[in-house]
Amino acid sequence: MIHEYRRPPAPEAALRLHLNENTGGCSPLVLEALRRLTPEELAYYPNYAELTAACAAHFGVRETDLILTNGLDEGLLATTVAAFRDRTRPGAEAIIVQPTFDMYAACTEAVGGRIVAIPPRPDFAFPLSELVEAVSESTRLVFLTNPNNPTGQLIPRSAIERVAHRLPRGAILLLDEAYAEFARETFIDQLGRHPSLLIGRTFAKAYGLAGLRLGVLIGDAALLAPIRRVVPPYSLNVAAVVALQAALRDPAHVENYVREVDESKLLLYAACQRLGLKYWPSSANFVLVRAGGNARRLVDGLQRRGIVVRDRTSEPGCDGCVRITAGIVEHTRACIAAMEETSCDAQ
Ligand SMILES: *Cc1c(COP(=O)(O)O)cnc(C)c1O
């Protein structure tokens, strides 16, 4: 089976609840900063010094312990390239815990690595013993997502530590914290204790900057060194640079959005209860809902009403499941109204 990311189609003007974007948009300070860009600034290669300092301060790490990337996706690819660079080791492997973000398998295959997939436990409980068992001398990279996409489940902190300790020398534990702002939880404070630990963050989700492509890798400078050599020197464009500097000056915008998402999730849970749909309480900005045999009907019914959600029925453990982004409350109410109408559609 070939693993590749397929961009899900979305009709224009639809309410996008399928890619976990910020449905309210970015901070207005970002637009002001973009408008102030001059022709000369666009003509020159970007300077990253100020943004690197601002990011380091934001995450509470040293500037030498982070790499800015063109979206976290680029960080994932660069990490995979670096982790598999030693061609003298045949059979090198990356471990993923199913179900999870598609890019890990796509990146691993792109560099000729072997994927070891840990199947899900009931209700997506973290399969720690299976994962620890799967680690071997061939393990180059372990991908963990906290909270996980598409399940919204958090990994126990002790489990992350256990995996970090178990890795063979030179292997990397990539902890993808794309949704950390919604969970209000991060492992960044533990970095000093785990030299193999690399944390990935993105400004695509809570910050509403998916269109500008902004991510960051955080880890010990020695762990980052081979990855730094993979990331192109001018990977972030100048619009992204000024945008993120402005966004970091407006933490209230993100805090307000996270509160909207909290309320939206509660509304979605209540709607699922009324409609008799199983769901998994989520620490991220989306909810995985089990519609069973009605999953396709739900996705199509919402689409006819101008709302796009993500069909996850073919993901391991996600039989009959649909993933719905929880954005600003007004959008969530529109989605719930459409879900209720759809449930009355002719069977
Ligand atoms: C959205 C997402 C990303 C990608 O982030 P970008 O910065 O948009 O490339 C990475 N990991 C996970 C788990 C995601 O859901």
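Biologist: How many nonpolar, polar and charged residues does the lining of the second largest pocket have?

Modeller: A lining can be read by sorting its residues into classes, and in this predicted model the lining of the second largest pocket holds 13 nonpolar residues, 10 charged ones and 5 polar ones.

Biologist: And which residues lie nearest the centre of the second largest pocket?

Modeller: Of the 28 residues that line the second largest pocket, those nearest its centre are Y5, D73, F101, K205 and R213. Helix 4 (71-83) and helix 5 are the elements that each give two or more residues to this lining, and helix 4 contributes the most, with 3 residues. The space in this second largest pocket comes to about 610 Å³.

Biologist: How much space lies in the largest pocket, then, and which residues are closest to its centre?

Modeller: The largest pocket contains about 750 Å³ of space, and among its 31 lining residues D102, R310, R312, S314 and E315 are the closest to the centre. The elements that each supply at least two lining residues are helix 5 (103-110), strand 4 (114-118), helix 12 (295-304) and strand 11 (307-311), with strand 11 giving the most, namely 4 residues. Sorted by class, the lining of the largest pocket has 16 nonpolar, 9 charged and 6 polar residues.

Biologist: Let us turn to the aromatic rings: how many aromatic pairs does a search of the whole structure find?

Modeller: The search finds 10 aromatic pairs. A pair is read from the distance between ring centres and the angle between ring planes, where an angle over 60 degrees counts as edge-to-face, one under 30 as stacked, and the rest as tilted. The planes of F59 and F203 stand at 50 degrees, with the ring centres 6.1 Å apart, and the pair is therefore tilted.

Biologist: Where in the chain do F59 and F203 sit, and are they buried or exposed?

Modeller: F59 belongs to helix 3 (residues 49-59), while F203 is in the loop between strand 7 (197-202) and strand 8 (215-219), so that the pair links distant parts of the chain, 144 residues apart. Both F59 and F203 are buried.

Biologist: What kind of aromatic pair do Y179 and F286 form?

Modeller: Y179 and F286 make an edge-to-face pair, with 5.0 Å from centre to centre and 80 degrees between the planes. This pair also links distant parts of the chain, as Y179 lies in the loop between strand 6 (172-176) and helix 8 (180-183), and F286 lies in strand 10 (residues 286-290), 107 residues away.

Biologist: Why does Y179 count as buried?

Modeller: Burial is judged from relative accessible area, and a residue under 20% counts as buried. Y179 counts as buried because its relative accessibility is 2%, and F286 is buried because its relative accessible area is 0%. Elsewhere, Y45, Y48 and Y234 are linked into a cluster by ring pairs.

Biologist: Where is L72 found, and with which residues is L72 in contact, leaving aside its neighbours within four places in sequence?

Modeller: L72 is found in helix 4, and it counts as buried because its relative accessibility is 6%. Apart from neighbours within four places in sequence, its contacts are D176, A178, G200, R201, T202, L214, G215, V216 and L217. As for C55, which is 17 residues from L72 in sequence, the C-alpha atoms of the two lie 14 Å apart in space.

Definitions and conventions
Residues numbered from 1 in each chain as written. Predicted model: local features only at pLDDT ≥ 70, side-chain atom pairs only at ≥ 80, totals over all residues. Heavy atoms only, no water. Phe/Tyr/Trp six-rings, centres within 6.5 Å; stacked < 30°, edge-to-face > 60°. Buried < 20%, exposed > 50% of the residue type's maximum accessible area, 1.4 Å probe, protein only. 1 Å grid on protein atoms, 1.4 Å probe; cavity = no way out; pocket = protein on both sides within 12 Å on 5 of 7 lines; lining within 4 Å. Points joined across faces, edges and corners; volume = space filled by probe spheres on them. Nonpolar A, V, L, I, M, F, W, Y, C, P; charged D, E, K, R; others polar. Contact = heavy atoms within 4.5 Å.
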